[in-house]
Amino acid sequence: MKKKLTPEEGLSILNEGISKAFMILDGCVYDMCVQHPPYEYCAKLYDIFKKALEDGITSRVIPAVKDKSHIFLLYELWNMWSKYKIMAKCLGGFFLYLDRYFVEDRKAASLSNLSISCFHDLVCIELYPKLLEAAICLINEDRDGKSVCRDLLKHVSTFFVEIGRGDMCYYENFEGAVLSSTENYYNFLVPQWLQHYSSADYVLKAEYRLSQEKERASQFLHQTSVEKLLRLVHGLLLGQTANQLHEKQKAESGDASVSYQDVLSRCAGLNLGEGSSPA
């Protein structure tokens, strides 16, 4: 009868096997990198590494995300991106010598940048519009009081930074989409507030909204983006409506329970520069 393995015994065997496999593959790659031409195979190994990444994406990542939408797309993308980064890092460990003997000499992309490029070219380019749409929809649902996982927004923001390979273009496009959708959201909301609420109640709601926007944005946007968003919302809620609010207040009988000028001053003085950038 076959002996039953304890967890400790099994892990010991696995660790030993992994160590031996790494030594064999690492030594093989090293030899193929340092041999003199025509027996130097760096370019061939580089292509093998790239193909292994592409095969992993086409067989695992694309089938997992291609039919997803909205929040399910965001969840699955982050899940696949996280797993892919681990896989690429582990695989890159076997080809580490390429960074030293091939990348520097041929001015090729590092193994790390190559792994990002593969994901970018095969996944991100096609899905980017859907990702933006899903993220904006999630933000607006949060504004409407629906239960939303803000950590997911943070993950999406982080993904847009990482997939740019040092270029912030994807994050900046995301920031632009957030600002544009915010403007549309409040341009629709403000006339309703002006119609249904007193001037004092309007400013109280504006103060609350500014506080909520600050809290939300600070969890998934960079500091400079938070400041841009708050300046935009402040202008939409209080800057552009100042004359209308003043006329509305004059037409009202007066509500002594709330000092309109005091509340307006609090909103105008709200510290728009606070808020922490995501880790």
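Predicted model: local features only at pLDDT ≥ 70, side-chain atom pairs only at ≥ 80, totals over all residues.
**Entry: the whole chain**

I started with the fold. I looked up eleven helices and zero strands in the protein chain. Reading along the sequence, I get α-α-α-α-α-α-α-α-α-α-α. Of the 279 residues, 39% are buried. Next I checked how far contacts reach along the sequence. Taking contacts between residues at least 6 apart, 77% join residues at least 24 apart. The accessible surface comes to about 15700 Å², and carbon and sulfur atoms hold 56% of that.

**Entry: H3 against H5**

For a pair of packed helices, I want the angle between the axes and the distance between them. How do H3 and H5 pack? Helix H3 covers residues 70–94 and helix H5 covers residues 111–143; their angle is about 160°, with the axes 9 Å apart. That angle is past the 145 cut-off, so H3 and H5 are roughly antiparallel to each other. The crossing of H3 past H5 is left-handed. I sorted this contact by class and got 18 nonpolar, three polar and two charged residues.

**Entry: H3 against H6**

H3 also packs with helix H6, residues 150–162. Here the angle is about 55° and the axes lie 10 Å apart. H3 is therefore oblique to H6. This crossing, too, I noted as left-handed. Which residues meet here? From H3 I listed Ile71, Leu74, Tyr75, Leu77, Trp78, Trp81 and Lys85. On the H6 side they meet Leu152, His155, Val156, Thr158, Phe159 and Glu162. By class, this contact has nine nonpolar, two polar and two charged residues.

**Entry: His70**

**Entry: Val203**

Last stop was helix H8, residues 199–217, where Val203 is found. Is Val203 buried or exposed? Val203 is buried, because its relative accessible area is 0%. I also looked up how Val203 sits relative to Trp193: they are ten residues apart in sequence. In space, their C-alpha atoms are 9.8 Å apart.

Key
Residues numbered from 1 in each chain as written. Heavy atoms only, no water. Axes fitted to C-alpha atoms, helices over the stretch in contact; angles between N-to-C directions. Helix = DSSP H or I, 4+ residues; strand = E, 2+ residues; numbered from the N terminus. Parallel < 35°, antiparallel > 145°, perpendicular 65-115°, else oblique. Left-handed = near helix turned anticlockwise from the far one by under 90°. Nonpolar A, V, L, I, M, F, W, Y, C, P; charged D, E, K, R; others polar. Buried < 20%, exposed > 50% of the residue type's maximum accessible area, 1.4 Å probe, protein only. Contact = heavy atoms within 4.5 Å. Areas by Shrake-Rupley, 256 points an atom, 1.4 Å probe, with all protein chains shown as cover.
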